[in-house]
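I open this notebook to record what I looked up in the structure shown below. The entries follow the order in which I consulted it.

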Amino acid sequence: MSAAVSLQNVYKSYNNISVVNDLSFTIQPGEIFGLLGPNGAGKSTTIRMLTTLTKPTQGQVEVAGFDLLRQSILVKQYIGVVLQQTSVDNDLSVWENMELHGRLHHIPNPQRQQRIGQWLKYVELADRRDSLVKTLSGGMKRRLQIARALLHQPQILFLDEPTVGLDPQTRRRLWEIILDLNKQGMTILLTTHYMEEVEYLCNRIGIMDGGKLISLGTLSQLRSQYGEGLVMKQVEERWEYLFFPTLEDANTFINQQPNKTGMMARSSNLEDIFVELTGRRLD
Ligand code: ADP
């Protein structure tokens with residue numbers, strides 16, 4: 001089976017300013033792949049290229065086995081997209097938003113009505129089908145966007161910062177939906193800057209910074225690559241972080257120190273690796 005998503009040496013520049021710089025990675029069918037990176041890393045631009053919204057300046061991209069530039073209409077049939085800005089129409093009702101999308105995708109009736117009903121029920125919006133979108137909460141709007149993205153039965157779902165600005169309960173509910181869709185066979189690529197989101201959802205993680213992929217792997221691969229043990233050492237007002245292959249090695253290091261004040265050992269997590277790699281803390 002061909003890869004769900006494949007990028008080879010992809011570049012994107014705006015006005016000669018490089019935003020994505022020699023990006024290559026592959027996502028296999030059935031994966032939940034997380035693109036993680038600080039603001040400005042190029043994550044949204046990457047998603048916009050993969051979903052045909054903007055063209056790569058250079059490089060080879062295939063989505064669902066189709067060439068992004070030559071077969072963009074086919075690509076669009078196989079992907080669902082939920083972008084950061086809520087793109088649902090506030091002045092239309094929930095049902096009207098779904099109906100519009102269904103018509104744009106030429107889904108005939110009665111199938112269209114059956115699917116609208118099915119997906120609104122799935123995201124728990126069936127009882128709001130006649131509400132104007134502007135009366136919905138942020139979490140409901142996001143769920144509507146997801147229902148709409150699923151209407152034409154895509155194989156690959158792209159989610160750009162799906163839970164940004166949502167309360168913890170709503171975020172958990174969206175996580176359950178994402179995991180459930182994946183269980184049903186959907187390949188998912190999401191961008192986020194929430195570490196716990198990546199740790200909870202993603203099989204593999206690509207860390208981007210400055211338009212480049214600076215690390216790629218499962219969480220356990222990344223932890224074994226950078227160190228599973230960590231010593232935190234307080235130096236005046238700030239903390240220094242030292243990585244060790246194992247937690248035991250980190251503890252041994254502390255035990256060997258004549259002065260152990262302000263030192264503690266613990267297991268490393270994704271945030272530690274992220275900060276080590278990008279030298280920045282996320283908001
Ligand atoms: P991220 O999603 O990781 O925060 P983006 O892909 O949104 O990063 O942006 C990466 C860089 O590209 C930023 O410096 C941003 O200002 C720039 N950029 C994004 N879109 C455009 C555009 N349409 N025109 C010019 N610059 C852009």
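Which backbone nitrogen does a side-chain oxygen of Asn269 reach at the start of H10? I worked from a predicted model and found that the nitrogen belongs to Glu271, with the oxygen of Asn269 within 3.1 Å of it.

Entry on helix H10. I noted that the helix covers residues 270–278. I listed its buried residues as Leu270, Asp272, Ile273, Phe274 and Thr278. Just after H10, I found Gly279 with a positive phi of about 65°.

Entry on Ser215. I located Ser215 in strand E10, residues 212–217.

Entry on the nonpolar cores. I counted 44 residues in the largest core, where Leu144, Leu181 and Ile188 touch the most other members. Domain 1 (5–221) and domain 2 (228–267) both contribute residues, so I placed this core between them. For Leu181 I listed contacts with Trp119, Tyr122, Ile146, Leu150, Leu157, Met186 and Ile188, again not counting residues up to four places away in sequence. I also noted a second, separate core of 27 residues, with Val19, Met49, Ala64 and Val75 among them.

Definitions and conventions
Residues numbered from 1 in each chain as written. Predicted model: local features only at pLDDT ≥ 70, side-chain atom pairs only at ≥ 80, totals over all residues. Heavy atoms only, no water. Core = buried A, V, L, I, M, F, W, Y, C linked by side-chain atoms within 4.5 Å. Buried < 20%, exposed > 50% of the residue type's maximum accessible area, 1.4 Å probe, protein only. Domains from an automatic or database assignment. Contact = heavy atoms within 4.5 Å. Helix = DSSP H or I, 4+ residues; strand = E, 2+ residues; numbered from the N terminus. Polar contact = N/O pair within 3.5 Å; in protein donor to acceptor, adjacent residues only side chain to side chain.
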